[in-house]
Each structure stands twice: as structure tokens, then as C-alpha cells.
Amino acid sequence: MAFSVGLFLLWALLVDSINGTLGGILYRVREEQPPSTLIGSLAADQGLPDTGHLYKLEVGAPYLRVDGKTGEIFTTEIPIDRETLKDCRIKGKPCFLEFEVSVTDLIQNQSPRLIEGRIEVLDINDNTPQFPSPVLTLSVQENAHMGATFSIPQATDKDTERNGVVKYDLNAGPEASALFGLQMANDRGEKLPQLIVLGNLDRELKDSYDLTIKAVDGGTPPRYSSALLRVVITDANDNAPQFEKSSYEAEVSENSPVGHSVLQVKANDSDLGANGEIEYTIHQASDPVPKLLQIDHSTGIISVRGPLDREEISSLKFHVIARDKGPSPKSSTAYVSIEVTDQNDNAPAVEIRGIGLRTHSDGVANISEDMPVGTAVALVQVSDKDEGENAMVTCVVAGDVPFQLRPAGDSSIDNKKKYFLQTTTPLDYERVRDYRVEIVAVDSGNPALSSTNSLKVQVTDTNDNSPIFSPPLFEVEFAEENQPGEKVLDVVAQDADSGTNAELVYSIIADSSTRGLFEIDPNSGEVRARSPLDREHKERYEFRVTAADKGVPSHRGTATVVIKVLDRNDNDPKFMLSSYSFSVQENMPPLSPVGMVTVLDMDKGENAQVQLSVEPDVGKFVVQNGTGTILSSISFDREKESSYTFRLKAVDGGEPPRSSYVGVTINVLDENDNAPVVTKPSNSSFRRLSPLAAPDSVVEVVEAEDIDSGSNAELVYSITGGNPHDLFDISPSDGEIKLSKELTRKHGGLHRLVVKVSDRGKPSRHAIALVHIYVNETIANVSLVEALVGHSLYTPLDTDIAGDPDYGLATQRSNIVYGSLAGVAGVVTVIIVVVFIRHRLQRETKSGYQAGKKETKDLYAPKQGPKSIKGKKGRKGKPAKSPKPLGEEEEVSLQKSLKFNLDGVNDSPRIHLPLTYPPGSPDLGRHYRSNSPLPSIQLQAQSPSASQKHQAVQELPATNTFVGTGGDDNSTGSDQYSDYSYKTNQPKYSTKS
């Protein structure tokens, strides 16, 4: 609520525009207002329109700012502090802030109008009363009678009127309140606090009292401060000094010398001795009184101490105290007022400054020759710090110049006047280009003082012609690949003006397509290429050039420039890719297209005609010009050569020709034209397996390779035959054969696994490997096992060879024995049956191995205990060595030249092969290079060299498919069954150890 009342009072005082006694505009505003507080509106107050006029603050900064369109005056960031303004230090007088605003009519281009005014700064309660010291000491004689008064030092407040000190309060304790009181005296509007004695004082009882005095101002809310008032009781001193007058007034001329006597104050004391001797001092004088005046302590003569300047301070007011020299001094106070009178000691001051839009720089003002008569060039202010006649100034323009002074305002202040310096005749730049205007000011003092100031006025030329190009269109041909900065052409324009109005500056008006490519000399108009031009990028450039004069405002003319770029052979043929890689299928016929390349030449005409060739040209590839198609001259075999690398050369038809190269790689893609080859184990080898072997034991590893690549070389292993009991598993990825379950008695003997090795090609190719596993504790009869393996090679693949073929018969015998115990009657019958069966089996054993039939126990079952074979003499009469018996876990390689004689010669072991084969038997004659089986053949082993690999025979009938592999250190056997030669009627066979 209090804030709203304050705002209302502020606006009531804010825009109070009245005609003061001096005839100007007067606004009122409280001090310390926030920034942008509106003080007044000149447009509204003066009846001026708020459009088409420019308001400019000439005087009043930094406390004020003016809106250029409306003429509204606002406060700024720097607050107006009434107590700090130079002209507001004297209390009791109004505080004014002067301002000047120029108003320029922008529509009619007339001379500006000057508005002068003042702002009365109203005081707010922003200062607190202050005592001269936080502890005040006052001496009171013990014989002072009741009602006696003693002056207390005053508190000062920088604020004025009611915001100044309005009252004092005295706070005394119970003991002191009965002895002392406070009363107020009024001296020329000032409140003077006095201590009044209310009771009898006794120094021997108490010699001092501490009281508190408070000074309160009249603001809302009030401000106050306190000080300690110490009353000291002194011995009796009968009489106090008394001034002859309660106040003194005098005048002193400014510039009076130091020591000049101004006046004398005098006081009398009826006491005798020291109690009657008086000492004078200046009391509570504010600056600058102590600096300017001094008092003789004995005589009371006040004299000049420092230089007096009426223009700085015109009156000095203070108090003088007269105090006796008794043990308990008494004192009294008198008021002194001294007025400083003026002397003509200041010459008039002439200030020349710009006005409105007309600004000055280093004492020079510019005016165009086409300005009308009466145009203001400057604002001239003439002032004199003196007063009266000494401040009355006369101002004139000296010399014969086309300028005069015209009063700029209606102010009636004698010591400050303002004039417009304006033209009296039209100006002519071609006749006179500048003037020196001297202004003389003289005051009315005796003797008169004068001063001068001058302004240089420069007449500027009017720019009324534009530059013209001739011709308006420039066309030129220019070859590409130029040097940076190379000249293209010259453009020239003419201007009919003179001086700076005829000085031209050339420039290029470039769009996005030409920006940065060309430059022009701003003075000569020479157009240059900033960087090499490229016809392949752009063949034609078009842009505009402009010539601008240096007049104000500037005029300009334009022309069009067309540049046609000529071609040079500056581009190599360019392949679309940095390298080419093509993939073709192997076995393609010659002259098949294998790829296509694209080559471009950014030049034009013959410079862009390109010929292609192969480097190095070894006859394998050719390239077609025009299409860029690469043809093969050969058929591809990836297994012989999987890739071809060469370069293509492109040559253009320029002079000199330019060329480029590109690398070409032809990758031959694989076809599945090779079957896998089994490298381990060989078909004729075998591996012994103990019947006690645990499941998951590794039995054998089939190894194979495929010279194809990719999926065509990825191999898959599988068991396709010879595993009726599911004793063995093979890893599809690495060919590792493991025992899958425990072995029993029926599993003893030779097992032949048919392993198929397939690739992943489409269509897939495969190879067949025979893996022989002999299940027994030892190998006592190697020859027997080799014979079993040899007969396995003749057995069709769809016939399983898997362990002891008599195991089922042994079971039957056990059943017969058990049956005989049940009844005697059946014993004879069982014996007959057993004898018959054994006789039958022996006949089959003697007749040799027949394909498709199970072998007898004597042939496939391992013998119990080793046997020795007596060898006969060979061809050279040397006795044949018997086979070397092997240990229990040792494997023996049968890389020997064993010969089987089938015609009954000598005592060699005989193997009778049937000369007629049942259906389904392998065609051994065709498979082993013989047209028909012979009645008596010799199998001659031929061992290959260590480096020779056994090649798998592929695409054989399902029942007649074999592969051979080289043996290893863990296998027993030889390669004699991989490659057979047939010789008839061999009389002997030899065994090589």
C-alpha cells in the first residue's frame, strides 16, 4: 500500500512541465530513480509530432537519455544522486539538472530546433543523520544553577528540508535523568540541541555521567543515529564568555589574498585570571570552510586561508565558539555568515559543437553545396562564470564569411547563451571549398574580457553522375589450364563528376558459379583468373562487373563479361574404377567375354578419342575398343592357374597423347571336376584292435584331400557298409573312426568298413576307402590276416565282413549240448548233426574263399599260438625266409613281395580261388587289367616309391569300388593289392623281409 502511494506521488511530481522564472521547460523527478524511468515527453509537451522528427540529447548525459522518435526523456543506468550534484550542495536551495535536446525535421530537411530545460531533482530520505563523533564530551561546572543550558554538538544530514534532522532525544539513567534534560533551540531554521541542568551537581559525589543522545530526521520512514554524550562535572567557574552579537555577517571579494581579514568576533568574560581569558575556534564547519578561512584564537579575527572563488562557492556559514581558560572552561557560540562577492576574473567561454545530424570531427564541419540558405552548421554556446554585468556577453562572427549567429533558444540567463551558426548565402564547391569561421565573445566587465573560437567548414561536392561502361558487354575467349593471376581482359568506365565523385572502384558481382574464380583490380579494372580454369568443369562463364564512385551517396554502373573457355588435352583417360576384378567359371570356351571396363576422357574432340590395349600381351586376353569388353583366348583350368593379372592401357588422341592404366584380375571360379583322394589308410592295410578296447577309443583316422576349392573341397566322411553291429562311428568332418560299444566274443576277427568320402560340390563327387580292423588280443599269424585282407578286396562291397562267422554255430553247439542233457535219446542225433556240419565246413575251407559266402573258422578266426612257415628256395636257389612273428601290440608292415602260387608247385601255402564266380561277385579280371580270370595266377606286389600317392579309383560299380592309400607305421599290410600285375605259371613265391 505504501509502495502504491509512493508511485502515485512520484507520477504527480514527475511530469510537472511549467514555465519557471527563467522561461524554460521544467520537469521534476525524485532522485535515485531506477533506469528507464520516464521524466517527460518533449513531443507531447511541445506539441511536436512523434514521427518525422529526430530528437537528440545535446546536454544532460550521463544521467539522461532521449528517445530519438518520441522525444521522451528517461533516466539511465547512472542514478541521479542529489547530494553529489555540483549545483546542489547549498542547503535550502532547489537542485536543478539542465538538459538540451535538438529536434531535426527529417522530412523538410530544415535546421534543427534547440529545446532547453531543467529538471528539479527532489530529495528523498536516503541519508542518515550523523554526529561528528560517536562519543561527545560536554563539560558542566558543579556550581551550574538549575536551568543553565549547554550546547550539544549537532548531527548533520545531507538530505534537506523535512528529510533533515527534525528532533533529538536524550536517554539518561535514573540518576542522571533527575539532573539533566534536553531542550531544543531554533537558530535560522536549524534545530540546536541543548543540555539543561535540572538539579544540583556535586563533583565530589560523582564527576561524570554517560547519556545517550539520538538524532531523528523527518523522512518516511525516519532515519536516526545515536551517540554517547559524556557529561563531565568540573570545578566552579562563575561566568561564561558572552559574544557581543549572536550572529555576524560580512562580505569578502573573491581572489582576496591569503591573510586578508574578513571580520572580527568578540566575546567578554567578567571572571578574573584564567577564567576570564577567552579562546576563539571555528565550530562544526563543513567543507570547504576550514580550507578557506581561519580564526585567530586570541583576537577572534577571521581571515582568508585559501583562494576564494565565487564561481566555486558563493557563501560561507559556520559557528564560532568562545571558551575561557578556567579549570572548568565555559563557552558560548555565535553564528557567522560570509558572502563571497564577484570580480570579473573569468573571460567568456565559446563552445562550438555539432547539432542534430551535423557532427564535427577535429574542429571540422562538412556541409554539402546543395544545402539551402539558413542551414545550421554548428551550435555555439557562450557562457561567463561571473555574475551581473561581468557575465553579460556579446557574441559575433568575425570576417567576411557566408555564416551568421542566430539565437537557438529562449533562455533569459545572461551568463549562458546559445546560437546556431548557419549559412547566409548559397555555397559553391567549385568556387570556395572551405571556410574558417571565427567567433568572438566579449563580456561587459571593467575591464572587459573576451575570447575567440573557430570552426573549419568544408563544402562538399554533390555527386550527381553515375559511371558508364563502354561497351556494356565484354566477350573474350580464354584457354583453360591458365596460370593463377593471368590476365583475361580490361574493363573501363567513365564518370563525369570530379574529385572523389569521379574516383572509381571496380568490383565483380559474382554468383555461386563464378565466386572465387575471377578477380578485378579495384583501381584499373583489369580482370584476372584467380585459379586455373577447367573447360571440362564449365565451358562458359558470365558475370557482371560494377564501377562505383566514391561520392556520398555513391553512384555505380555495371557491365556484363562473357568468357568462353577453350579446350586443351589436359585430362588423362580415366577408368571408372581404380582396379577391376572379374570372376569366370573354369572350362569356359575361348573367346568368351570375361568382363567389361569403362573409360572416359573429359576432353573434347580428338582429345577424347580413346584406344585400349592389353599389357603385357601374352595372347591370353584381348580387349574390344568401343565396348571395353575383355575376351579370353584360352580355356580356363582353375587347378592349373586360378587367377590372371594384367593391365589395360588407355591412350587418347591428343597431341601429345595422354594415357592411363588400370589393373585387371581374372579369378577362375572352381567347378567340382575332381573327386576326393584318400591318402590314408590303404585298402590293403589293417589295424589290430584289442577285444578289451573301451568305447570311444580311436580306432583309425581316414584322411583324404580334394584339389578343388571352396565347398567343392569340403569333405564329409560316412560308413556305408561293413558295420552291421554298429560297432564303429566315424566323424563326418575329420574321418576319425571310434569304437561305439563294447566288444564281445562274436565280434572277434576281421572287420571291413566301407567308408565313403564325399565333397559338398553340386553334383557331389566321392571316393570309397576300405578300412580293415582285426579284433584279437595278438597277431600270431600275420600271413593269415594278410590273406583275409586280400580276400576282402575281392568281396563285393554290399557283403558285410564283420567278425567271427562261426560264432553263431558255436552257440548252436552249446544248445545241442544242453539238449543232450535233457534226453539221452537225442544225443546220437546231435552227434550226427555236428559231425555233418563240421565235415561240411571243412570242405568249404579246403575249396578256398568264395565271394558272397562266409569263411570257415580256420580261415577267418585267429589261430591260438604262433606257427612257423618253412620257406623254400627262390629263383636263385636261396631259401625263402619265414614270416616274422609279431608281438602282442606290435603291428607289422607287409611291404613285401609276396607271391601266391596257385598251381601246386613246391610246398608253399595254397589259396584256391574259384574260377567261376557267383552273381554279384566283382569282375576282377576287368578291374585288375585282365580280360578273363586264369586258372593259375601269380600276384606280384609292386611297391610304389615313398613320394607316390595312391590314387582313388572313382565312379566304379557299387560292388566293385576300391581305393588304395599308403600305409603308416601303425598298420600292417602292403600296397600289393593296390596295383596288381598278373603273371601265369609262376613256379615260386618269395617273401621279402
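Residues are numbered from 1 along each chain as its sequence is written. Because the model is predicted, local features need pLDDT of at least 70 and side-chain atom pairs count only at pLDDT 80 or more, while totals for chains, interfaces and linings use all residues; side-chain values use heavy atoms, with hydrogens and water left out.

We can start with helix α5, which spans residues 782–792 (helices are DSSP runs of H or I with at least four residues, strands are E runs of at least two, and both are numbered from the N terminus). Of its 11 residues, 10 are buried (under 20% relative accessible area, 1.4 Å probe, protein chains only), among them Glu-786 and His-791. The N-terminal end of α5 is capped by Asn-781, with a side-chain oxygen 3.3 Å from the backbone nitrogen of Ser-783.

Beyond four places in sequence, the contacts of Val-265 include Tyr-280, Ile-302 and Val-336 (heavy atoms within 4.5 Å).

Turning to strand β48 (residues 629–632), Ser-632 is part of this element. Ser-632 counts as buried because its relative accessibility is 0%. A polar atom of the Ser-632 side chain lies 3.4 Å from the backbone oxygen of Ile-634. Beyond four places in sequence, Ser-632 is in contact with residues including Pro-589, Pro-590 and Phe-621.

Note on methods:
Buried < 20%, exposed > 50% of the residue type's maximum accessible area, 1.4 Å probe, protein only. Polar contact = N/O pair within 3.5 Å; in protein donor to acceptor, adjacent residues only side chain to side chain.
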